[in-house]
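Here's a quick tour of a few helices and strands, written to be read with the model open beside you.

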Amino acid sequence: MRYSNIREEELKNKVGADWFKQFDTTEILGNIDFTVFPRQDSIFGRTPLLWAEAKTGNFDVPTMFVQLVLTIGKARTFDKTLPPAFLGAFDFKKIAFVPFISIQDIFYMNDFNWNVTPSNHETKEFKLIKDRIEAILKQNTYIYDYQKDEKELKSFIAINIAKSTEAIKIKIDKNNFIPIYLRWLDVIKPNIDVNWDELKKANILDSDFYLADLFIDDKDTQKIDDDISIRDNLFVVFQNQGYKIAKENIKQMFDATINIRNKEAYQQFWKRYKRPPLKQFQDYIIERRDLIVPQDIRERKGAFFTPFQWVELSQKYLADVFGENWQEEYFIWDCAGGTGNLLAGLTNKYNIWVSTLDQADVKVMHERIEHGANLLENHVFQFDFLNDEFTKLPQGLQVIINDPEKRKKLVVFINPPYAEAGDAKQRTGTGKNKTSVAQNRIHDKYHSQLGDANRQLFAQFLIRIYNELKNCKIGEFSTLKTLTSSHFSQFRGVFTAKLIKAFIVPAHSFDNVNGQFPIGFKIWDSEINEKFDEHELDVYDEKAKYLGTKIFSSLEGYRYFSHWVNSFKLKSGFHIGWLQGVTRNDFQNQTGIIIKNNKNQIAVPRGIDIYDGNLIECCVCYAVRMCISANWLNDCDQFLMPNKNWEFDNEFKSDCLIYSLFDDKNTIQIKSGTNHWIPFSEQEVNSREKFESNFMSKFISGKLKNETKTDLFGIQEQRTTPLVFSSEAQEVFNLGRELWEYYHKQPNCNINAALYDIKEFFQGRNEQGKMNNKSDDETYMKLIKGLREKLRQIEKKIEPKIYQYEFLK
């Protein structure tokens, strides 16, 4: 065998290097073992070429493919990103390929339980999939032995994988034809060269053009000739790369072909979808054309805070959890409905209720219903969820919530208000804050259960739902405080619904929401009692691109970073500075971390005094907090008390010291006191005078007097141990010395200048008093740029040790 006695990760690396070196094989996609992408994106975006299962040993091909199918089906990966042209499976001896299109129908099986463990080969689901696809695999699989078929394998990859730049198209069904329409409105409608106002007078709507697009094939041929019911129900047809009005009584008025302005944009859009819709859903789509009549433009654009891409994705996740026919089998109540945009795309208006705080919002929804919105007028009502009793609800909804069995089929689907007591923030959901957070009946009723979470409006919504709509299902948008915040510990002890599935997206992708933090959509089953501990959440970027998964934990039982900081606080010794902002435990407060001369420079000092006796601990503390940049995805991550192993890693400690000395947020200044942070001696930088303080250079070289002891031989001085730098730290140190030496060549330099003073000297300040970003001195700019580049290398070296020593989980 070509590969033997190696681990799976090494096998994947070797297969990638030996056979797919011209491609990108580094991308991680959920739990799929191995992916292949082109190194450059095409004009249609990043198109996957291969998803593959990897196994150590010598496995039979069908077993490997079944595990891959179950992995893909469980995560519905093909819905989150375009599927590839081929699936693959490989072990030590061989590699096999099968066209995705030949097995894709397996993913559309009805009543199949995808929530099994793919690696468990004994489940009935595993055996069922294997029975279904073995015959397909025999006909469509290409199998190559690495050694015997080397030439043929290379040829297959070059001819098939390398040139399979077109991903498998997404099939159109009853669950996605509305979301596709809403995308079509943004991309295709503006490119149709027609007077929409004139067409509207003739009752021809944009949805008629959309249906014309749906019912053609990949060759742009209208697929209606063999189906009279579809042909008779299309008012517009696609002909000759344009549209023709087909409605009998008006087609003479619009005899000319209606052209598409940007045909490339049209082709790019429809390249993603397989047309026409699946046969079993074609009649349904025609019959339910009422679902795609024009609605208020603000709803389609997500102007009321929940962007439609997240509305669409949340409904997709609900369908994944509750089944393809969930809208027929479950009741839906949006109890924080605003103007109802969270419900856009849902099809069964008889099972939908929506309530909102303001009567004005109710009026807006009723007007939308008159213009075709898919809601029932008597299912839309004013209701103050945090104050009103359920006896005020419509009778139909009361019947559901008062029946224990029907209540199990109730999905509370909400984007609740986001605000804190005493905070003027607007909600991330629909509409504005309309009530005082701390002045409502639910706040008072459940104060003891909520604890610190009582300050949050969305927590008040959730606690009422959990307590008063027992055993219901919940699909809700909110921050991740319910999962990770220490302030929600008491809440998690009471709210013990089981978290079934969830995804997170950047908060800045929501309208009118600022800040770099995640917003999650979480599906809870309150019928199952399970206190939240940790869960793996799907991650999407602001463009709805699937990035993979991330585990979030409640960290119950862990001690936080602030406890560790408190353990080395000192009140006496040789004082050299102040470290601000490290007593907060999350990335949200990262911008406030800074090194100053003393705490008197800080309006609200929250930090630790730096003495000679805790300098190393403070530098480790600073570097650990600053080496990983804060972003929306890690905003909720909590820094923890580390294990003891870091204390024995001298190289780690000296790296942290060097990082702290030369990082930009070390803002020690001579105008604020003596500078004890010069890491060089006068001789090393050719200083014209003696420094006021040589503390740091003596600390580094081991020349500091540590303490004095008296023994039989009299008084003996004990000195500190010289620090030994890693090669990376030494490079930073050397560049820093060059920078200091160049500064000391300047005729008007200050002998005792700190790094911040040197930057200020060369860069100057603008009229507003802010330091400029660069200098006209080319030598300085070369030195400071080199110093920062070397610091980035130190960051990369420190980062894995932050996890190794459990500063972060």
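Helix H25 (residues 615-626) lies across S20, S21 and S22, and runs at about 135 degrees to S22. (Helices are DSSP runs of H or I with at least four residues, strands are E runs of at least two, and both are numbered from the N terminus. Axes are lines fitted to C-alpha atoms, for helices over the stretch in contact, with angles from 0 to 180 degrees between N-to-C directions.) Keep in mind that this is a predicted model: local features need pLDDT of at least 70, side-chain atom pairs count only at pLDDT 80 or more, and totals for chains, interfaces and linings use all residues. Residues are numbered from 1 along each chain as its sequence is written, and side-chain values use heavy atoms, leaving out hydrogens and water.

The sheet itself is open, with three strands in the order S21-S20-S22 and antiparallel pairing (two strands pair if DSSP finds at least two bridges between them). Strand S21 (594-596) and strand S22 (607-611) sit at the edges, each pairing on one side only. From one strand to the next, the twist averages 25 degrees. Three bridges tie strand S20 (residues 575-580) to S21, and Gln580 has Ile594 in S21 as its bridge partner.

How far apart are the end C-alpha atoms of helix H29? They are 26 Å apart, which agrees with the 26 Å that 18 residues (727-744) should span at 1.5 Å a residue; the expected span is 1.5 Å times one less than the number of residues. Buried residues in H29 include Phe733, Leu739, Trp740 and Tyr743, where buried means under 20% relative accessible area with a 1.4 Å probe, protein chains only. Among the elements covering the buried residues of H29 are helix H26 (650-662), helix H30 (755-763) and helix H31 (778-804).

The axes of H29 and H31 come within 9 Å and cross at roughly 160 degrees. The two helices are therefore roughly antiparallel, a label for angles over 145 degrees. Residues making the contact (heavy atoms within 4.5 Å) include Val732, Leu735 and Tyr742 of H29, along with Leu783, Leu787 and Ile794 of H31.

## A hairpin to look at

Now jump to strand S7 (residues 236-239) and strand S8 (residues 242-245), which run antiparallel and are joined by four bridges. Val237 stands opposite Lys244 in S8. The hairpin has two residues between the strands, and Asn240 takes a positive phi near 50 degrees.

Conventions:
Buried < 20%, exposed > 50% of the residue type's maximum accessible area, 1.4 Å probe, protein only. Parallel < 35°, antiparallel > 145°, perpendicular 65-115°, else oblique.
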